[in-house]
Amino acid sequence: MEYRNLGRSGLKVSKMALGTNAFGTRTDEATAIRIVHAALDAGINLIDTADMYGQGESERMIGLALKDRRSRAVLATKCWYPTGDGPNDRGASRKHIMDAVDASLRRLQTDYIDLYQIHRWDGDTPIEETMRALEDLVRAGKVRYIGCSNFAAWQIVMANAVADRHGWSRFISNQPEYSPVSRQIEQEVIPACLADGVGQIVYFPLAGGLFTGKYRRGEAPPPDSRAAKQGPRFAERWLTPAHFDLVEAMEHVAREAGLTLTQLTLAWVMARPGVTAAIVGASRPEQVAENVSACEVQLPQEVMDRVTALSEPFTR
Ligand SMILES: NC(=O)c1ccc[n+]([C@@H]2O[C@H](COP(=O)([O-])OP(=O)(O)OC[C@H]3O[C@@H](n4cnc5c(N)ncnc54)[C@H](OP(=O)(O)O)[C@@H]3O)[C@@H](O)[C@H]2O)c1
């Protein structure tokens with residue numbers, strides 16, 4: 001496994017991270033624990049969750065899984081989405097951040113979070129308030145590093161400029177969507193973050209499973225899959241004719257390179273400029289093993305270029 005510095009920091013994270021948003025909804029406790037252990041055993045140290053995944057169940061299950069191996073993990077969680085009905089049970093205000101971090105620490109059964117991320121921009125809270133609250137968490141030892149997720153380029157640069165002005169901790173990471181069918185962050189977010197020392201931990205690298213090749217044009221999805229469970233919502237988002245055109249073209253490239261489509265896609269994502277790690281979800285431990293095999297693949301420049309050219313329409 002290759003470990004990379006996350007943004008302009010000394011924190012080393014595996015270039016593949018484990019996604020856990022299915023824990024507590026589509027994945028039960030015993031399976032979730034086996035998935036976390038399979039990931040750690042394969043060298044994945046970055047485990048990403050959020051307080052809203054499974055309404056706290058994802059954090060609780062990760063807490064159980066990490067009980068005797070906490071120090072091996074770089075544990076990343078997030079706040080912002082509603083955790084209750086009250087007006088302060090959401091967002092990135094000082095009040096909500098302080099409440100949310102304590103609730104996450106309890107569920108995770110740990111006294112520190114390695115990377116605490118603001119899930120989305122909060123337009124109702126001054127960014128000075130958010131950054132000051134995060135700085136206080138770092139000083140209190142509850143949080144070691146801070147990051148954001150789904151922020152626009154200007155929001156990241158502005159937040160870090162505020163932190164710099166006061167000598168507070170800066171965001172070392174952003175967590176956006178990125179895959180061959182979702183490359184919009186290449187326009188503004190990646191160039192801004194490369195200049196500002198912020199790494200990308202990208203989600204949906206397999207486009208919900210599309211780039212495993214298990215969904216075929218015009219065919220019903222496999223019974224156990226996310227598409228079968230989510231129905232038309234999944235199909236409208238991911239199983240479109242334009243996406244299938246790209247999948248089929250990339251399958252051709254993968255065959256010629258002696259790789260699976262999953263390996264080609266993940267190796268391409270992890271090798272793109274500005275990407276520090278790809279967060280891959282799994283509903284079974286065997287999927288972790290299969291996905292991790294992509295970490296050993298070094299794509300020749302010519303193969304990188306072919307995938308980049310084929311997926312160019314998805315940069316806009
Ligand atoms: N910051 C944010 O706003 C945000 C938003 C979304 C996600 N995330 C994070 O990103 C993570 C990754 O998201 P994701 O899991 O949706 O991403 P994904 O990598 O695009 O999709 C993974 C899904 O594909 C299927 N799969 C994975 N490996 C497979 C394999 N080898 N063979 C067949 N199927 C395979 C599994 O679903 P099935 O087996 O059920 O089909 C798995 O859940 C989340 O868990 C979460 O931590 C963050």
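This is a predicted model: local features need pLDDT of at least 70, side-chain atom pairs count only at pLDDT 80 or more; totals for chains, interfaces and linings use all residues.

Me: What does Asn-291 do at the ligand, and at what distance?

Reply: Its side chain puts an N or O atom 2.9 Å from a nitrogen atom of the ligand.

Me: And which ligand atom is 3.2 Å from a polar backbone atom of Ala-207?

Reply: An oxygen atom.

Me: How much of the ligand does the protein bury?

Reply: 95%. The ligand taken alone exposes 920 Å².

Me: Which residues come nearest to the ligand?

Reply: Gln-175, Gly-208, Lys-214, Arg-226 and Ser-283. They belong to a set of 31 residues around the ligand.

Me: How does that shell divide by class?

Reply: Ten nonpolar, 15 polar and six charged.

Me: Which strand and which helix each supply at least two residues of the shell?

Reply: Strand E10, residues 275-281, and helix H11, residues 285-292.

Me: Which residues are closest to the centre of the largest pocket?

Reply: Asn-21, Arg-26, Phe-204, Gly-208 and Arg-226. The lining has 45 residues. Gly-208 and Arg-226 are also among the residues that come nearest to the ligand.

Me: Which elements give two or more residues to that lining?

Reply: Helix H7 (226-230), helix H8 (232-238), E10 and H11.

Me: Which of them gives the most?

Reply: H8, with four residues.

Me: How do the classes of the lining of the largest pocket divide?

Reply: There are 14 nonpolar, 19 polar and twelve charged residues.

Me: Moving on. How much space lies in the second largest pocket?

Reply: About 200 Å³. It is lined by 13 residues, and Asp-51, Gln-55, Pro-82, Thr-83 and Arg-107 are the closest to its centre.

Me: Last topic, backbone. What is phi of Trp-80?

Reply: Near 150 degrees, a positive value in a residue other than glycine. Trp-80 is in the loop between strand E5 (74-79) and helix H3 (94-108).

Me: Where is Gln-109 found?

Reply: In the loop between H3 and strand E6, residues 113-118.

Technical notes: Residues are numbered from 1 along each chain as its sequence is written. Side-chain values use heavy atoms; hydrogens and water are left out. A residue is near a molecule or strand if one of its heavy atoms lies within 4 Å of it. A polar contact is a pair of N or O atoms within 3.5 Å; within protein, one must be able to donate a hydrogen and the other to accept it, and residues adjacent in sequence count only if both atoms are side-chain atoms. Accessible areas come from the Shrake-Rupley method with a 1.4 Å probe; for residues, only the protein chains shown count as cover. Ala, Val, Leu, Ile, Met, Phe, Trp, Tyr, Cys and Pro count as nonpolar, Asp, Glu, Lys and Arg as charged, and the others, Gly among them, as polar. On a 1 Å grid over the protein atoms alone, a cavity is a set of points where a 1.4 Å probe fits but cannot get out, and a pocket is an open set with protein on both sides within 12 Å along at least five of seven lines; lining residues have an atom within 4 Å of a point. Grid points are joined across faces, edges and corners, and a volume is the space filled by probe spheres set on the points.
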